[in-house]
Amino acid sequence: MSKSDIGKVDLVVVNKSDASMSLMRKGKVLRRYKIAMGDRPTGHKLQEGDQRTPEGRYLLDYKKSDSAYYRAIHISYPNEEDRLRAEALGVNPGGQIMIHGQNPNSSLTPDEAQRLNWTDGCIALKNDEIDELWRAIDTGTPIEIWP
């Protein structure tokens with residue numbers, strides 16, 4: 001199967017502990033990528049600026065073709081539970097968590113960048129991988145982000 005013909009996926013699964021993203025259809029892994037996350041990848045995102053990637057089940061709810069990081073797909077964080085938790089803690093839950101491509105201003109190669117956690121809590125892929133994900137998902141595709 002070439003990178004351009006995996007077809008549509010019905011679930012995206014992120015495993016933070018092994019820094020991977022799997023594209024799934026009917027329970028089968030079609031593709032797996034190495035990801036970069038925020039500087040503090042352990043634990044669920046609690047508030048804006050904590051450098052964490054949320055954990056739980058969300059939706060990929062819109063695509064942004066004019067992202068500063070090549071392309072971006074928005075994750076529907078915060079959900080109601082996230083908002084209630086942040087309210088109880090007296091903090092802002094943050095938002096604008098995306099899956100996006102590489103930083104065009106980085107001096108690192110894409111392979112070097114993927115070995116580091118350099119985002120503010122987003123999930124980064126190489127540009128060719130975000131292109132493949134872009135084609136493989138429809139708006140509303142679920143994403144599960146595991147610890």
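Q: Tyr69: what does its relative accessibility make it count as?
A: Partly exposed, because its relative accessibility is 31%, and the cut-offs for that class are 20% and 50%. Note that this is a predicted model.

Q: And Trp118, what does that one count as?
A: Trp118 has 23% relative accessibility, so it also falls in the partly exposed class.

Q: Ok, aromatics in general. How many aromatic pairs does a search of the whole structure find?
A: The search returns 2 aromatic pairs. One of them is Tyr58 with Tyr77, an edge-to-face arrangement with 6.1 Å from centre to centre and 65° between the planes.

Q: Where in the chain do Tyr58 and Tyr77 sit?
A: Tyr58 belongs to strand S4, residues 56-64. Tyr77 is in the loop that runs between strand S5 (72-75) and helix H1 (80-89). The two are 19 residues apart, and the pair links distant parts of the chain.

Q: Are those two buried or exposed?
A: Tyr58 and Tyr77 are both buried.

Q: Then Tyr69 and Trp118: why is that pair tilted?
A: Their planes meet at 50°, so the pair is tilted, with ring centres 5.8 Å apart.

Q: Which loops hold them?
A: Tyr69 lies in the loop between S4 and S5. Trp118 lies in the loop between helix H2 (110-113) and strand S7 (123-124). They are 49 residues apart, and this pair too links distant parts of the chain.

Q: Switching to the fold. How many helices and strands?
A: There are 3 helices and 8 strands. Starting at the N terminus, the order is β-β-β-β-β-α-β-α-β-α-β.

Q: What about the radius of gyration?
A: The protein has 15 Å, which agrees with the value near 15 Å that a compact globule of 147 residues would have. Along the principal axes, its C-alpha atoms fill a box of roughly 50 × 40 × 30 Å.

Q: How much of the protein is buried?
A: 47% of the 147 residues count as buried. The accessible surface is about 7,500 Å², and carbon and sulfur atoms account for 50% of that.

Q: And contacts, what share join residues at least 24 apart?
A: That share is 63%, taken among contacts between residues at least 6 apart in sequence.

Notes
Residues numbered from 1 in each chain as written. Predicted model: local features only at pLDDT ≥ 70, side-chain atom pairs only at ≥ 80, totals over all residues. Heavy atoms only, no water. Helix = DSSP H or I, 4+ residues; strand = E, 2+ residues; numbered from the N terminus. Rg over C-alpha atoms; globule rule 2.2 N^0.38 Å. Buried < 20%, exposed > 50% of the residue type's maximum accessible area, 1.4 Å probe, protein only. Contact = heavy atoms within 4.5 Å. Areas by Shrake-Rupley, 256 points an atom, 1.4 Å probe, with all protein chains shown as cover. Phe/Tyr/Trp six-rings, centres within 6.5 Å; stacked < 30°, edge-to-face > 60°.
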